[in-house]
Amino acid sequence: MQLVRKIVVLTTAGLILAGCQNNPLISQQTLGPASQSIDTAKNISVANESSKSSDLKPVSTDLWQLTREHMQLNLDNEKPRLQSQFKWYTKHPEHIQRVTTRASRYYYYILSEVIKRDMPAEIALLPIVESAYDPFAYSHGRAAGAWQFIPGTAKHFGLKSSWWYDGRRDIVASTDAALTYLQQLHKRFGDWELALAAYNCGGGNVSKAIRKNKKKGLPTDFWSLDLPKETRAYVPKLLAVSRLIRDADQLSIPLAPIANTPAFELVKLDSQIDLAQAAELGNITTQELYQFNPGFNRWATDPDGPHHLLIPVASADQFRARLAELPAEQRVNWTRYKIRSGDTVSTIARQYKTTSAVIRNANKLKGNNIRAGRYLLIPSAKHQSSDYVLSQSQRFNRKQNQLAQSNRNKTSYKVKSGDSFWKIAKQYDISVRQLASWNQMAPGDPLRAGHTLTIWKSQTNQGLNRSDEQLIRRIGYSVRNGDSLYTIAGRFSVSVKDIKRWNKLENSKYLQPGQKLTLYVDITQAD
């Protein structure tokens, strides 16, 4: 009964949901599992008549206060690692202020999901440690999104990845996957600190450390385990951030309040839609739409789903009404292309800045065989490319313009018979992925003799140009056994020369395990 009361009292002011299965926070939306397309609930249930007003407590109007009320972890132990992290955060309050401002767009939803699962509210602060609450964040371990999923784990938890869409950056999908993963780890280890450690370094590493301590007759709590250096700092960071949020008033650290009301509603689409057109339906900017829907890489949603969009609350009703008047066949433009002699699916795909798979799927082709004189239907954007400000292709174009203004020289290379991406990349001391990305191609795409490639070469030994930093993220990388400059360059789609330049390694011949490197990684091309 106490749990039911807790759920009821946490609804937003004036709106009460009936039943312990409902989210205690969400008053204007119902979001189910990330894999399902569930429309926002419009009809709010009234309170059970048996509920008495005397049982109700005032609802916290500020999400930071609501977070404090649902904290469950021990934030006050005197462990040196925790004290060290807490000291750092208290000396850098501007970092927390900047990150929490960024979090405001997503925090209502994430906190509501955490509380709905009866998890510690501190878990809702984990993206501060993982990604600084940036859904476009990318790390040295090839982890992406607010919750920093690596490709393998993302696939295991059903986070879809396609040319159109990356579920690791989808706020709803990645949150569902992350919380499910953390719950599984908590069930496995029976302790939230160990579950968090396993989220960072893997359950196998934590189990191995526990077995090692048991064998020696040592304690098996998080603080006693021999874990990777990053993990040993990871859990203390979350505890320190949580303590700072809890004690912000006593520490005189101002936190901009976040209203206990939803920032967005999930609206079902049932079909693919052009994102610039969707923004017009909601009378919002495409930039705002992409910020709420960072999982979509291109100018439209994925034709194979997910068929929903997160729309700002103030625009949701208007969006629904206008969407209902727009037939599915008018939500995406289609270009009718007559196949010419010599055309291939891949050359047509490059011409229209799409992929062979997209063309095959749109035309129900089982292979790449096409016949001159016949027609193909190719999905195309309704608006000019500049309108899709945060699409991958537009970010790519901006990067090209910035590279043109930076300390790089543009070189054109005409492909010869027998050439390959690897051969050309080696000739110019760049990575295969970098070369392919500069030319809006994938490393596996075939090269055609006579085709012209664009290559950008650094001309100075200066650090990364400031303009590049808008699209490229600075990450730290710890050299592992077996690493070389060439393998690291290939892994992160950068050049060996750039790694040397960024780290002043011109005179160094060898890398040492554990050596720290600074890399600048283009997240639009990251796996």
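A: The buried residues of helix H4 pack against helix H2 (63-69), helix H3 (80-91), helix H5 (107-116), helix H6 (126-131) and helix H11 (229-246); contact here means heavy atoms within 4.5 Å, and helices (H or I, at least four residues) and strands (E, at least two) are DSSP runs numbered from the N terminus. The model is predicted, so local features need pLDDT of at least 70 and side-chain atom pairs count only at pLDDT 80 or more, whereas totals for chains, interfaces and linings use all residues. Residues are numbered from 1 along each chain as its sequence is written, and side-chain values use heavy atoms, with hydrogens and water left out.

Helix H4 spans residues 93-103, and its buried residues are His95, Ile96, Val99, Thr100 and Ala103. Buried means under 20% relative accessible area, exposed over 50% and partly exposed in between (1.4 Å probe, protein chains only). Viewed down the axis of H4, these buried residues fall within an arc of 120° and so line one face of the helix; the arc is that of the directions from the helix axis to the C-beta atoms.

The loop between H6 and helix H7 (151-156) contains Gln148, a non-glycine residue with a positive phi of about 55°. Gln148 counts as buried because its relative accessibility is 12%.
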